[in-house]
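Biologist: I have the model open on my screen and would like to talk it through. Could we go over it piece by piece?

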Amino acid sequence: MIRKRVNKKAFVIAVMVILLCLVSLVGATLALFTGEGGKIGIVTTTGSVKVDIVDTTENAESLVDKVLNFQTSASHKKVYFEPGATYYTQGFRIKNKGDISITYRLSLSTDKVENREQFEEGFELLISTSPTGEDAIELNKFSANLKADEISAPYYLIVKMKTSAGNEFQGKAYSGIGVTVYAVQSNGAVT
């Protein structure tokens with residue numbers, strides 16, 4: 001009989017402790033989410049992605065909606081394309097005007113070019129960090145990173161008429177060709 005009382009008493013105490021724990025847990029949870037003193041908050045701030053194409057001067061003035069001129073050698077006064085002819089634009093830089101690191105790429109904009117397909121068929125567009133083009137790569141394969149409020153090294157666009165271009169390119173002028181910068185937030189691992 002004493003043994004049944006002890007087991008019954010221990011069982012009642014164990015059930016009371018479990019109920020007390022459950023009530024405490026539920027009460028604390030409700031207080032956390034509903035009480036004034038128990039509110040928690042998470043404040044997040046997102047950064048902004050802003051880029052600009054700027055010149056190579058110390059003032060880094062924007063080149064958006066401006067025309068980049070081709071550089072010619074002393075022996076060539078005008079820019080005339082012929083199969084194999086290669087010309088370089090004046091230098092420009094990319095400026096991260098946002099407050100987060102970015103990864104960016106450049107793309108040829110030919111939306112306003114009258115004979116777009118013919119232009120893309122007859123010309124190559126490359127990018128280089130050298131005005132002579134030693135490290136040139138295709139524009140569509142180029143991408144780079146910039147930290148917040150950083151300006152890139154100078155770049156030069158290189159336009160080269162393919163050697164396979166035929167007589168159908170004689171006397172043609174192509175205008176409305178542009179370059180667009182596409183930027184996204186970097187994963188933070190900018191080096």
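Biologist: Let's start with a pairing, then: which residue of β7 is the bridge partner of Leu126?

Modeller: The bridge partner of Leu126 in β7 is Glu138, and please keep in mind throughout that this is a predicted model. β6 and β7, the latter being residues 137–138, run antiparallel and are joined by two bridges.

Biologist: How many bridges join β6 to β9?

Modeller: Six bridges join β6 to β9, and these strands run antiparallel as well. One of the pairs to look for is Ser128, whose bridge partner in β9 is Tyr156.

Biologist: And why is β6 described as largely enclosed?

Modeller: Five of the six residues of β6 are buried, so the strand is largely enclosed by the rest of the structure.

Biologist: Stepping back, how many helices and strands does the chain have?

Modeller: The chain has two helices and 10 strands, and along the sequence they follow the pattern α-β-β-β-β-β-α-β-β-β-β-β. Of its 191 residues, 27% count as buried, and among contacts with a separation of 6 or more, 75% are between residues 24 or more positions apart.

Biologist: Which residues touch the most other members of the largest nonpolar core?

Modeller: That core has 24 residues, and those touching the most other members are Phe92, Ile94, Tyr104, Leu106, Ile127 and Tyr155. The elements giving two or more residues to this core are β5 (102–109), β6 (123–128), β8 (144–146) and β9 (156–161).

Biologist: Take Tyr155, then; what is it in contact with, beyond its neighbours within four places in sequence?

Modeller: With those neighbours left aside, the contacts of Tyr155 include Phe92, Ile94, Tyr104 and Ile127, as well as Gln90, Gly91, Ser128, Thr129, Phe142 and Ala144.

Biologist: Back to β5, which strands is it joined to?

Modeller: β5 runs antiparallel to β8, with three bridges joining them, and Thr103 has Asn145 of β8 as its bridge partner. β5 also runs antiparallel to β10, residues 178–185, and eight bridges join that pair; within it, Ser107 has Thr180 as its partner.

Biologist: Changing topic, is Glu114 buried or exposed?

Modeller: Glu114 is exposed, with a relative accessible area of 75%, and its place is in the loop between β5 and α2 (116–122). Its C-alpha atom is separated by 7.3 Å from that of Tyr174, although the two residues are 60 apart along the chain.

Biologist: What about pockets: how much space lies in the largest pocket?

Modeller: About 1200 Å³ of space lies in the largest pocket. It is lined by 40 residues, of which Leu68, Phe70, Gly176, Ile177 and Gly178 are the closest to its centre.

Biologist: Which element gives the largest share of that lining, and how do the residues divide by class?

Modeller: The largest share of the lining of the largest pocket comes from β10, with four residues, while β1 (51–54), β5, β6, β9 and β10 each supply at least two. By class, the lining divides into 24 nonpolar, 10 polar and six charged residues.

Biologist: And what is the volume of the second largest pocket?

Modeller: The second largest pocket has a volume of about 320 Å³. Of the 15 residues lining it, Leu108, Phe123, Leu125, Leu139 and Asn140 are the closest to its centre, and β5, α2 and β6 each supply at least two residues of this lining. The lining of the second largest pocket has seven nonpolar, three polar and five charged residues.

How values were computed
Residues numbered from 1 in each chain as written. Predicted model: local features only at pLDDT ≥ 70, side-chain atom pairs only at ≥ 80, totals over all residues. Heavy atoms only, no water. Core = buried A, V, L, I, M, F, W, Y, C linked by side-chain atoms within 4.5 Å. Buried < 20%, exposed > 50% of the residue type's maximum accessible area, 1.4 Å probe, protein only. Contact = heavy atoms within 4.5 Å. Pairing = 2+ DSSP bridges. 1 Å grid on protein atoms, 1.4 Å probe; cavity = no way out; pocket = protein on both sides within 12 Å on 5 of 7 lines; lining within 4 Å. Points joined across faces, edges and corners; volume = space filled by probe spheres on them. Nonpolar A, V, L, I, M, F, W, Y, C, P; charged D, E, K, R; others polar.
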